[in-house]
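Take a walk through this structure, starting where its chains meet. Keep the sequence at hand.

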Number of protein chains: 2
Amino acid sequence: MIDDTTAHLPTGDALLTDAVFQGARTVGRFVDDSVPDALLRAVHDTVRWGPTAANSGPLRLLVVRSREARERLAVHMDEHNRERVLGAPVTLVVAADTDFHRHLPTLAPHAPTMGERLAGVPDVRAAMARDNAWLQTGYLVVGLRAVGLGVGPMTGMDAAGVDAEFFAGTGWHALAVLNVGWPDGEGTDRPRAPRLAWDEVAREV
Amino acid sequence: MIDDTTAHLPTGDALLTDAVFQGARTVGRFVDDSVPDALLRAVHDTVRWGPTAANSGPLRLLVVRSREARERLAVHMDEHNRERVLGAPVTLVVAADTDFHRHLPTLAPHAPTMGERLAGVPDVRAAMARDNAWLQTGYLVVGLRAVGLGVGPMTGMDAAGVDAEFFAGTGWHALAVLNVGWPDGEGTDRPRAPRLAWDEVAREV
């Protein structure tokens, strides 16, 4: 599956423009092929190298595949998102781990006291976890699309309900849900919406 | 500069692994070449197509080039980050625009009432702006690295001070500062820090 799918992908600049950014759409319609666990691992092995503050890397993933797990997740989604969770080849719950500081002795050997300092400031950790897990979600979307997968990100859900359902007793907090699979055609019938231009988002000082 | 720099970049899978993720480092040491405005625009023209919630696209950028502007920014950075801001070829202040909803009639024609609904809930807007601007910062780091630029992201600063200095009277709020330029060698002398493995960050339910 990995070789078959990536063989026809564009390369070089076109990889980013065609497969990842301009040419990619938010996908709601998938073909009926499963997404191998090995491919998700391979994508993670690539995107995990993206930079985060203090190399905190707080992104966590819940992989939802079974019918039972989909149903447990779907009840916490906004109504219009339920069928999407029930129908996607695989669904990832993207979460931020507020206990990421426990890994800092390994991840940030250049800052040996940071884990201890963060242990006493849960509010700082919560904000740092959320910000950096969203940053890593950007890397993840890029990595999934770069191997030809389609991604349908959704935030319309009761995130506290998802946390209680799956993450009780952990520091994980749900940020978003990504439906993932091989797109059926463009994966959507909705016309491409515009984006703001450089002069609307940037100014020089 | 654009052609010279991208000509030797890897292509295909290697673009992501070598130039963007595994092979790239957080850069603190740059060669003394300037980064053309046209290249920053070209990167933005690519990465702006990345998905955000409701196509809100709240990321905003302040481009800091002049000595005077660098000094105004540097005083709000943590002490160990000041020289980096003063010395980088170009520095981008990455911000989230809490007034992003004003653009939704253009950006989200599929949800014609969303802009109005968000106008009344500034707290919801603030969280949505922050989350999605961080997500877009992930796309931006990828896009900058993909054209061969080095990026040195920093969050050690008085963000409220930066807001007061540059963004008074706007809905922009500083999230991070990216030093950007052509890396001098690897751009750093620090050994590569490890990352968590799939089995440490993901579980299946």
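This is a predicted model: local features need pLDDT of at least 70, side-chain atom pairs count only at pLDDT 80 or more; totals for chains, interfaces and linings use all residues.

Residues are numbered from 1 along each chain as its sequence is written, chains are lettered from A and ligands numbered from 1 in the order in which they are written, and side-chain values use heavy atoms, with hydrogens and water left out.

Start with the interface. The size of an interface is often given as the accessible area lost when the parts come together. Here chain A and chain B bury about 6,600 Å² between them, and 64% of that is on carbon and sulfur atoms. Buried area is the accessible area (1.4 Å probe) that two parts lose on being put together, summed over both. In chain A, the residues that lose the most area to chain B are A:Trp49, A:Arg195 and A:Trp198, together 14% of what that side buries. In terms of contact (heavy atoms within 4.5 Å), 68 residues of chain A meet 68 residues of chain B.

Polar contacts come next. A polar contact is a pair of N or O atoms within 3.5 Å; within protein, one must be able to donate a hydrogen and the other to accept it, and residues adjacent in sequence count only if both atoms are side-chain atoms. Between chain A and chain B, 28 residue pairs are in polar contact, both at pLDDT 80 or more. On the side of chain A that touches chain B, H8(A) gives the most, with eleven residues. Helices (H or I, at least four residues) and strands (E, at least two) are DSSP runs, numbered from the N terminus.

Now the charges. A salt bridge is a side-chain nitrogen of Lys or Arg within 4 Å of a carboxyl oxygen of Asp or Glu. The whole structure holds 28 salt bridges over all chains. Six are found across the interface of chain A and chain B. In one of them, A:Arg41 meets B:Asp199 at 3.0 Å, N to O. This pair runs from helix H3 of chain A to helix H10 (residues 198-201) of chain B. A:Arg41 is partly exposed at 30% relative accessible area, while B:Asp199 is exposed at 55%. The classes are buried under 20%, exposed over 50% and partly exposed in between (1.4 Å probe, protein chains only).

Look next at the H8 helices. B:Arg130 and A:Asp131 form a salt bridge at 2.7 Å, N to O. B:Arg130 lies in helix H8 of chain B and A:Asp131 in helix H8 of chain A, so this pair joins two chains. B:Arg130 is partly exposed, at 33%, and A:Asp131 is buried, at 8%. B:Asp131 also forms a salt bridge with A:Arg130, with the closest N and O atoms 2.7 Å apart.

Finish with two buried residues. A:Arg60 sits in strand E1 of chain A. Its relative accessible area is 1%, so A:Arg60 is buried. Beyond four places in sequence, A:Arg60 contacts residues of both chains, including A:Asp97, A:Trp172, B:Leu196 and B:Glu200. In chain B, B:Asp97 belongs to strand E2 (residues 90-97). B:Asp97 is buried, with a relative accessible area of 7%. A polar atom of the B:Asp97 side chain lies 2.8 Å from the backbone nitrogen of B:Asp99.
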